[in-house]
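Here's a quick tour of a protein fold, written for someone just getting started. Have the 3D view open and follow along as we go.

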Amino acid sequence: MEGEGIEHRVVEVNGIKMHVAEKGEGPLVLFLHGFPELWYSWRHQILSLAARGYRAVAPDLRGYGDTEAPDDVSAYSIFHLVGDLVALIDSLGQEQVFVVGHDWGAIVAWNLCAFRPDKVKALVNLSVAFFPRKQALWRIDTLRTMYGDDFYVCRFQEAGEVEAQFAQVDTALLMKSFFASRNPGPFMIPKHNGFTGRLTNEIILPIWLSEDDLQYYASQFTKTGFTGGINYYRNIDKNWELSAPWDEIQIKVPTKFIVGDVDLAYRCGGMEDYIHKGGFRRDVPLLEDVVVMEGVGHFINQERPEEISNYIYEFIQKF
């Protein structure tokens with residue numbers, strides 16, 4: 001990707017050094033990755049949007065890749081994450097930007113729109129729909145009741161425990177297993193054997209990911225570990241407590257939402273009904289379009305890069 005004109009630099013935002021990748025000139029599109037990913041997850045969209053007259057910017061979020069990772073778990077609250085983006089937008093010399101989020105990047109984007117809608121021209125979010133706070137779905141006790149102790153979010157809560165399990169297996173093989181997963185059911189990590197029982201060399205790399213792509217992810221996570229990204233999950237309950245002032249918030253930013261129909265984020269927790277039976281449009285009144293892509297999994301922007309780039313462009317070029 002280095003040879004394709006993507007530039008890299010480090011900017012100071014909100015008390016940390018943040019690595020950003022960028023290309024192009026024009027209206028700014030800010031791309032926010034999820035777990036366990038990096039700026040690199042947007043490599044196709046960066047090139048596509050830059051070629052169409054946009055300035056595409058994709059940071060490694062707090063705790064990931066070449067961005068700083070504070071030691072304190074409490075430094076990964078939703079307010080820190082949104083604060084990073086507000087500072088980044090300002091450092092890029094922008095009043096307002098287009099925002100595209102996936103997975104945790106989508107969660108941070110929803111919250112950016114809740115706290116600072118003045119910063120967002122329009123939003124394209126992938127995979128993870130808005131979570132109304134009043135339903136308390138995104139709480140550890142709720143998730144444990146629904147799915148049990150081995151549900152990945154619950155297993156992520158104990159500091160150091162799941163990281164130790166990750167460390168027992170080859171990082172490239174672990175990343176391959178994440179990207180290759182096509183199970184739309186709840187993602188489980190058994191407490192006693194973690195990944196050791198399910199990771200084999202028979203896991204096939206998806207056709208949309210090259211060996212070089214896999215090695216880039218593996219090299220970065222080998223260097224940093226996974227704690228930074230996992231700390232987002234360790235703030236779920238604290239985020240819920242602190243976001244009480246926004247309990248009935250509506251997201252009043254023009255929005256397009258795209259999800260694959262074999263994405264676990266679509267199939268779990270009643271999200272399918274919420275998305276299609278009126279709840280989503282009630283909470284996001286400027287939701288202009290919902291696209292459900294048939295046969296597509298969680299890592300939608302990498303699995304269907306050209307279609308996702310086109311969807312993004314078709315939406316933002318209207319503003």
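## Starting with a strand pair

Strands β2 (residues 16–23) and β4 (residues 55–59) pair up in the antiparallel sense, with 4 bridges between them. What you're looking at is a predicted model, so keep that in mind throughout.

- Zoom out and you'll find an open sheet of 8 strands, with mixed pairing and the order β1-β2-β4-β3-β5-β6-β7-β8.
- The strands at the edges are β1 (7–13) and β8 (287–293); each has a single partner strand, so one side of each is left without a neighbour in the sheet.
- Going from one strand to the next, the twist averages 20°.

**A closer look at β7**

- How does β7 pair with β6? The two run in the parallel sense and share 4 bridges.
- V124 has K256 in β7 as its bridge partner.
- On to the next pairing: β7 and β8 are also linked in the parallel sense, over 6 bridges.
- K256 turns up again here, with D289 as its bridge partner in β8.
- How many residues of β7 are buried? The count is 6 of its 6, so to speak a strand that is mostly covered.
- In a regular strand, side chains alternate between the two faces of the sheet.
- Both faces of β7 are covered: T255, F257 and V259 are buried on one side, and K256, I258 and G260 are buried on the other.

**Helices across the sheet**

- Helix α3 (residues 104–115) lies across β3 (28–32), β5 (97–102), β6 (120–126) and β7 (255–260), and it runs at about 150° to β6.
- Helix α15 (residues 305–316) lies across β3, β5, β6, β7 and β8, running at about 155° to β6.

**Where two helices meet**

- Helix α2 (residues 78–91) and α3 have axes that come within 9 Å and cross at roughly 75°.
- On the α2 side, the residues involved are I78, F79, L81, V82, L85, V86 and I89, and they meet I107, V108, N111, L112 and F115 in α3.
- What kinds of residues make up the contact of α2 with α3? They divide into 11 nonpolar, 1 polar and no charged.

**A helix tucked inside**

- In helix α7 (residues 171–180), 9 of the 10 residues are buried, so this helix is largely enclosed by the rest of the structure.
- The buried residues of α7 are T171, A172, L173, L174, M175, K176, S177, F178 and F179.
- The cover over them includes α6 (161–167), α8 (211–224) and α14 (300–303).
- Zoom in on A172, found in helix α7: it has 13% relative accessibility and so counts as buried.
- Not counting residues up to four places away in sequence, A172 touches L214, Q215 and A218.
- For a sense of distance, A172 and R9 are 163 residues apart in sequence and 26 Å apart in space, C-alpha to C-alpha.

- Is H102 buried or exposed? With 1% relative accessibility, H102 counts as buried.
- H102 is found in strand β5, and its contacts beyond four places in sequence include L32, H33, W42, L126 and H298.
- S309 lies in helix α15, and because its relative accessibility is 2%, S309 counts as buried.
- Leaving aside neighbours within four places in sequence, S309 is in contact with H44, Q45, S48, L49 and R52.

**What the record says**

- According to UniProt, in an unreviewed entry, the feature "domain: AB hydrolase-1" sits at residues 27–146.
- That span, residues 27–146, is 35% helix and 19% strand, and its end C-alpha atoms lie 43 Å apart.

Technical notes. Residues numbered from 1 in each chain as written. Predicted model: local features only at pLDDT ≥ 70, side-chain atom pairs only at ≥ 80, totals over all residues. Heavy atoms only, no water. UniProt positions renumbered as here; feature names shortened; annotations may be inferred. Pairing = 2+ DSSP bridges. Axes fitted to C-alpha atoms, helices over the stretch in contact; angles between N-to-C directions. Contact = heavy atoms within 4.5 Å. Buried < 20%, exposed > 50% of the residue type's maximum accessible area, 1.4 Å probe, protein only. Nonpolar A, V, L, I, M, F, W, Y, C, P; charged D, E, K, R; others polar.
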